[in-house]
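User: Hi! Could you walk me through this one while I look at it?
Analyst: Happy to, here it is.

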Amino acid sequence: MSENGNSMKKWNKYALIGIGIVLFITFFPKLKAISDIQTIRGIIEPFGVFAPLAFGILYAIAVLFFVPASAFTIAAGILFGTGMAFLIVIIAALISAGLAFLIGRRFAHLIPQAETGLIQKLQHR
């Protein structure tokens, strides 16, 4: 039974890695394409008063997919002004960092462990 359990864990690991690769290949070019300020403005303007919220969500998701945050930070300043951009960027960056931590925490066991067992040492703290 333990051999079947190990086989299932191995299959899950490869399935999740495959899904991650497919998602990365699918969404990365699209996220990279929206780094132009006019494109971002076109996406954000229809949201009206909810534009800061929409921009914050877009910022948080883009950073998770390794799109440089500096472009979005500058775009926030251009679109919303310094004060509002500061709030949007800080909140979106905190949300993105929290999501990245939760994703890493949830799927860290899928990463092959080094001989030192560093992941196990960190988990037992």
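Analyst: A word on terms to begin with: helices (H or I, at least four residues) and strands (E, at least two) are DSSP runs, numbered from the N terminus. This is a predicted model, in which local features need pLDDT of at least 70 and side-chain atom pairs count only at pLDDT 80 or more, while totals for chains, interfaces and linings use all residues. Residues are numbered from 1 along each chain as its sequence is written, and side-chain values use heavy atoms, with hydrogens and water left out.

User: Thanks! How many helices and strands does the protein have?
Analyst: There are 6 helices and 0 strands. Along the sequence that reads α-α-α-α-α-α.

User: And what share of the residues counts as buried?
Analyst: Of the 125 residues, 19% are buried. Buried means under 20% relative accessible area, exposed over 50%, and partly exposed in between (1.4 Å probe, protein chains only).

User: Where is F66 found?
Analyst: F66 sits in the loop between helix 3 (51-64) and helix 4 (69-80). Its phi is positive, about 65°, although F66 is not a glycine. For background, most residues other than glycine have a negative phi.

User: Is F66 buried or exposed?
Analyst: F66 counts as exposed because its relative accessible area is 64%.

User: OK, on to the core. Which residues have the most contacts inside the largest nonpolar core?
Analyst: Those are I40, I44, F55, Y59, F72 and A76, in a core of 16 residues. A nonpolar core here is a set of buried Ala, Val, Leu, Ile, Met, Phe, Trp, Tyr and Cys residues joined through side-chain atoms within 4.5 Å.

User: Which elements give two or more residues to this core?
Analyst: Helix 2 (37-44), helix 3, helix 4 and helix 5 (82-107) do. Helix 3 gives the most, with 6 residues.

User: Tell me about helix 3, then. Which of its residues are buried?
Analyst: The buried residues of helix 3 are A51, A54, F55, G56, L58, Y59, A60 and A62. Helix 3 has 14 residues and reaches 20 Å from first C-alpha to last, close to the 20 Å expected at 1.5 Å a residue. The expected span is 1.5 Å times one less than the number of residues.

User: What about helix 4, which residues are buried there?
Analyst: F72, A75 and A76 are buried in helix 4. Seen down the helix axis, the buried residues fall within an arc of 105°, so they line one face of helix 4. That arc is taken from the directions from the helix axis to the C-beta atoms. On the other side of helix 4, I74 and I78 are exposed.

User: What do the buried residues of helix 4 pack against?
Analyst: They pack against helix 2, helix 3 and helix 5, where contact means heavy atoms within 4.5 Å. Just after helix 4, G81 takes a positive phi of about 90°.

User: Switching to rings: how many aromatic pairs does a search of the whole structure find?
Analyst: The search finds 3 aromatic pairs. Rings of Phe, Tyr and Trp (its six-membered ring) pair if their centres lie within 6.5 Å; planes under 30 degrees apart count as stacked, over 60 as edge-to-face and the rest as tilted.

User: Why is the pair of F55 and F72 tilted?
Analyst: The F55 and F72 ring centres are 6.1 Å apart and the planes are at 55°, so the pair is tilted. This pair links distant parts of the chain, with F55 in helix 3 and F72 in helix 4, 17 residues apart.

User: And why does the pair of F55 and F80 count as edge-to-face?
Analyst: The centres of the F55 and F80 rings are 5.5 Å apart with the planes at 70°, so that pair is edge-to-face. F55 in helix 3 and F80 in helix 4 are 25 residues apart. F55, Y59, F72 and F80 form one aromatic cluster.

User: Last stop, S96. Where does S96 lie, and what does its side chain reach?
Analyst: S96 lies in helix 5 and is buried, with a relative accessible area of 4%. The S96 side chain reaches the backbone oxygen of A60 at 3.2 Å. A polar contact is a pair of N or O atoms within 3.5 Å; within protein, one must be able to donate a hydrogen and the other to accept it, and residues adjacent in sequence count only if both atoms are side-chain atoms.

User: Which residues does S96 touch?
Analyst: Not counting residues up to four places away in sequence, S96 touches A60, V63 and L64.
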